[in-house]
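I opened this notebook to keep track of what I looked up at the chain interfaces and among the charged pairs. The entries follow the order in which I went through them.

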Amino acid sequence: MVKKAVPFIALAALLVFPLVVKSDYYQHLMILVLMWVVIGSAWNLIAGYTGQVSFGDAAFFGTGAYTAGLLVTKLGWSAWWGLFFGGITAVLIAMPFGWICFRLRGAYFALATLALNEIMRHIATIWEKLTYGMLGILIVQTFASKLPYYYISLALAVISLITVRLVMRSKYGYYFLSIREDQDAAESMGINTHHYKMISLVIAAALTGVAGALYMNYMGFIDPHVVFSLHDISIMAILVGIVGGVGTQYGPAVGAFIMVAVQELFRTGGYGLISKLAKASGSETIISLSEFITKAHVMGFGILVVVAILFLPNGVVGDWNKITRLVLQKKIKGG
Amino acid sequence: MDLFLQALVSGLLRGGLYALVGIGMTLIMGVMKIINLAHGQLMMVSMYITFVCFTSLGIDPYVSLLICMPVLFLIGVIIQKYLLNPLIRVETILPENQVLMTVGIGMVLTETMRFIFTSDYKSVKTSYSNATFFLGNISFSVPLVIDLGFVTLLTWVLFWFLNKTDTGKSIRATAQDKDAAILMGVNSEKITYITFGIGSALVAAAGALLIPIYYLFPDIGGEFTRRAFVICILGGLGSTVGAIFGGITLGLAEAFGATYVAMEFEDVIGLVIFILVLLFLPGGFRRLIKI
Amino acid sequence: MKRLSRILLLVFLLGAFCPSVFAAEAIKVGVILPLTGKQAKFGEIEKQSFEMAAEEINAKGGVNGKKVELLIEDTQGKPDVARSAVEKLISQDKVVIIGGGYTSSETYAAAGVALNKGFPFLVNTGSADNITEPSAFTPSGQRAEAMRKKLDGEKDPAKKAEIEKEIAKIEQAADMEVKALIDRFAIFRLNPPVSEYAGSLESFLAEVVKPKTVAILHENSLFGTSGAREFEESCKKLGIKILMRESYDAGAVDFKPLLAKVKQADPDLVYMISYLLDASLLMRHSMELKMNPKLFAGAAAGFTLPEFPQNAGKASEKIISADLWHQSLPFPGAQEYYDKFRKKYNKDTEYHGAEAYAAMYVIADVLKRAKSMSPKDIKDALSKTDMMTVFGPVKFISYDKKVNQNKLDTYVVQWINGKLEIVWPKKSAKAKYIYPVDWIKERQ
């Protein structure tokens, strides 16, 4: 009963969040979180549920972002149309790719997605007539306030979570899972695995493309290295999925929150807390130690990734029981 | 004609180095079935070791192969034993945890080096760094030619190891069929970390050979990881001979691409070959040569 | 699940409500720089220069009796992180002005925020031309820009006239939009935009080298691409024939195939735009191929970095480059800054460092003059800036489409016996340029 209520409580909390927390900074971080919820749950559908691990989400993300940007510069439309057309163009990229590459399995498929990512980045860089190359696309943000962006992102995040949930509740969901568990067995049962893998990819690509269009609208500037980034988009999507919990309904949502919050936590040295405390203590060694920690923030983040994968291989949601056990045990010991 | 020959020579020479990068990656991929996304970062670490050897101890980069290869072998073994193997044992839905682990390792390696050496550019300037000789109008870079010799030597040693020694044979057996190898009494865990160690040592050699003609900063690794995976696919996963072909093909493709198309297409050409291979030759070049 | 999210939310919000320990006296200045990632090298130099300048200012009593507190945030070279940093600096840390801005993508991201809030932002490195063009931030302005690009490809004169008419109409609308925007436009730039980087090199070419043909090689980045385009335009003006224009991805291993092609085309001038040590590889490989054009000319940091001669060795000798700054320039404090930096950090500095150092002094000067610490008053003070810095005179003016832009001279430098010397324009030259050069003999 309680467990079922959690998503609704979370949603209610998210709905009032910007009304309570007026700071632009936290609203901005929450917009990023919600964008990553969309990307993460899309990745989770194709990789977590269908077992086809994509290392190239940025290809769809970037396509969506470029669609939104080009609608403005080439046609003079509003970039918000990108939310619709960005999804469609991402699907147009995903279809031929999936048709060709779903013959491949495991590491081969992962490598093919990696290559798609790189190819899309190069095309966006080289085809200057269409994309303006490295000059990038600058558009005017529609709203000065963060609120509209926040609620649009929230709506998209909810839509993507519901979409994944509905798909997984339908018969497609069972086919996806059977492909993940044992592709050969699924095929011998008469499931057209190629067909269902395509369906899964198309939904995932569409959602990711929409997230890309959202990024264009919100950030106002894109260039090929930003939106087709292997490290910052594709791998970040996998991190969101795995840290939250692969193949779980709300894993990507939790993962997105953790990744954005933790990355920012490290970058700012505990939101500036570490250096403030160090200065308050007045000790030279503590101050230099705090500088050391703040300077090494990416290293700290990397170590955290390593530790998280080592000890929570199924993600926070997947290993929730393990975490509660650990916490409870400590409490018993402490008490 | 000169243009053509120059491209051919440049392509072959750099292809040799790429082959060394690729063989390391392909070995790891063959045995563990994972993409090592920290491969270039390991190379970067080896370059820093060579740099330190050269600047503070005055050791020639070629001699420092004897230092950086064992060190990287050790690092590789530690990574596999304490960071990657524990992941095999736990039940997870996806095997990609290990790949992500290599991403994390790559980040830590990069930032550690940035911490020690800052982001400044470093270079190892030897007396022969810019030495060249000419055959006709074609320029040969002396260090690259020597490198090619080292690459040949190292691959020959590797082949001898894989084909003649027990450990080598076990590695090949594990790559072909892990379960069968375990049934035959192969200690698969030991094999995995020896393989990762060898893979790291090989890419370490590539780093040490490259540094006299290149430069160095902490973020250099990513580029080489990217090249390594293209080489692996070209050659077919887990095939060492294939990786040599893959490396040379990539080197040639880049050189001819830069000469006859445009240098901005350099990487694209590698990737297009990659897609073509995927489409028409799913097993990579291994299919053609049956090794 | 619930508990964890609660704990995380707590951590997340802790900073929001945590009372600032040191808010009382200091004036806070926010700076965004890439301190990790590929651009970290330059971010580091700028950070150290900012810190050095702030220390000096505080040692001399700070600004109106208050200390300046620098808050330097790492952008990792990523626009979304840059935006997080700027939002944090403005709404959490309550800084009064933002400085820094290195890569163009992060500068755009920060500029977007600054524009929305009318917040003062002093750019000191981001070089994309349109950062100080208000029309680039209006829908009609962008539309006109896109139309103009279309115009370039149009051959038919009738259609051309039609498009031009339409552009004129859109530009009228853009002017209206700019007027509505201009009050909020508090983005100022200390450094020249990329289109002006090679200004004095052009006069050097026109008066001294007089090349007939050129090959342009540039890295594939906003800086490289737009720099190459601008140079193409100036070549057309100077009557230099462009034999080829090629780009490459920064970090390439082997430039020989590309250079062999250049060698075959045999241009008088090889012009290269390269930010990183690609510059050094280009020169080394050109030496290995025994290229012998009239002149190798570089633009941007790659050719003026202290690491350039270290890596390229004798291949760096007599190379000419466009440059923005040099310690031997007759600006008060330039040489002192250079020496102090070397003493303090035990390494060389170059124009990025000088930009940052000067920016800090400009900020201090502005804060001194501002009536209050409100964004509006600081903006007013910024626009009235007229001072001398180590980077040259700083005065923000409007010209063409630009506003709030500092106009500076650029220089031509040459590596002479392992030392970088200013050789052009004549009035600032510290050494006589060496030209012509027989590259094969020079590099033996």
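I take buried area as the accessible area, computed with a 1.4 Å probe, that two parts lose on being put together, summed over both. With that in hand I looked up chain C and chain B, which bury about 3400 Å² between them, 53% of it on carbon and sulfur atoms. On the side of chain C, V253(C), P257(C) and E288(C) supply 18% of the area buried against chain B, more than any other three residues.

Before going further I noted the ground rules: this is a predicted model, in which local features need pLDDT of at least 70 and side-chain atom pairs count only at pLDDT 80 or more, while totals for chains, interfaces and linings use all residues. Residues are numbered from 1 along each chain as its sequence is written, chains are lettered from A and ligands numbered from 1 in the order in which they are written, and side-chain values use heavy atoms, with hydrogens and water left out.

**Entry: chain C against chain B**

Counting contacts (heavy atoms within 4.5 Å), I found 40 residues from chain C and 39 residues from chain B taking part. I then searched for salt bridges, meaning a side-chain nitrogen of Lys or Arg within 4 Å of a carboxyl oxygen of Asp or Glu, and the rule finds four of them across this interface. I looked up the bridge between D254(C) and R14(B), where the closest N and O atoms are 3.6 Å apart. For polar contacts I used pairs of N or O atoms within 3.5 Å, where within protein one atom must be able to donate a hydrogen and the other to accept it, and where residues adjacent in sequence count only if both atoms are side-chain atoms. By that rule twelve residue pairs are in polar contact between chain C and chain B, both residues being at pLDDT 80 or more.

On the side of chain C that touches chain B, α2 (40-59), β7 (241-248), α9 (256-265), α10 (278-288) and α11 of chain C each supply at least two residues, and α9(C) gives the most, with six residues. I sorted this side by residue class, with Ala, Val, Leu, Ile, Met, Phe, Trp, Tyr, Cys and Pro as nonpolar, Asp, Glu, Lys and Arg as charged, and the others, Gly among them, as polar.

**Entry: confidence in chain B**

On pLDDT, the predictor's confidence in each residue from 0 to 100, chain B has a mean of 85, and 93% of its residues reach 70 or more. Within chain B, helix α12 (residues 286-289) has the lowest confidence, at a mean of 54, and helix α2 (residues 39-57) the highest, at 94.

**Entry: chain A against chain C**

Here 52 residues of chain A are in contact with 54 residues of chain C, and the buried area is about 5000 Å², of which carbon and sulfur atoms give 65%. In chain A, L135(A), L138(A) and R267(A) lose the most area to chain C, together 13% of what that side buries. I found twelve residue pairs in polar contact between chain A and chain C. The largest share of the chain A side, eight residues, comes from α13(A), and that side divides into 32 nonpolar, ten polar and ten charged residues.

**Entry: salt bridges**

In one of them K117(C) pairs with D24(A), the closest N and O atoms being 2.0 Å apart. I also noted that D24(A), K146(A), R83(C), E87(C) and K117(C) are linked in a network of salt bridges.

For accessibility I call a residue buried under 20% relative accessible area, exposed over 50% and partly exposed in between (1.4 Å probe, protein chains only). K117(C) counts as partly exposed at 29%, and D24(A) counts as partly exposed at 21%.

Within chain C, K318(C) forms a salt bridge with E442(C), with closest N and O atoms 3.4 Å apart. The two partners lie 124 residues apart, K318(C) in the loop between α11 (307-312) and β10 (320-323) and E442(C) in helix α15 (residues 439-442). K318(C) is buried at 7%, whereas E442(C) is partly exposed at 27%.

Note on methods
Helix = DSSP H or I, 4+ residues; strand = E, 2+ residues; numbered from the N terminus.
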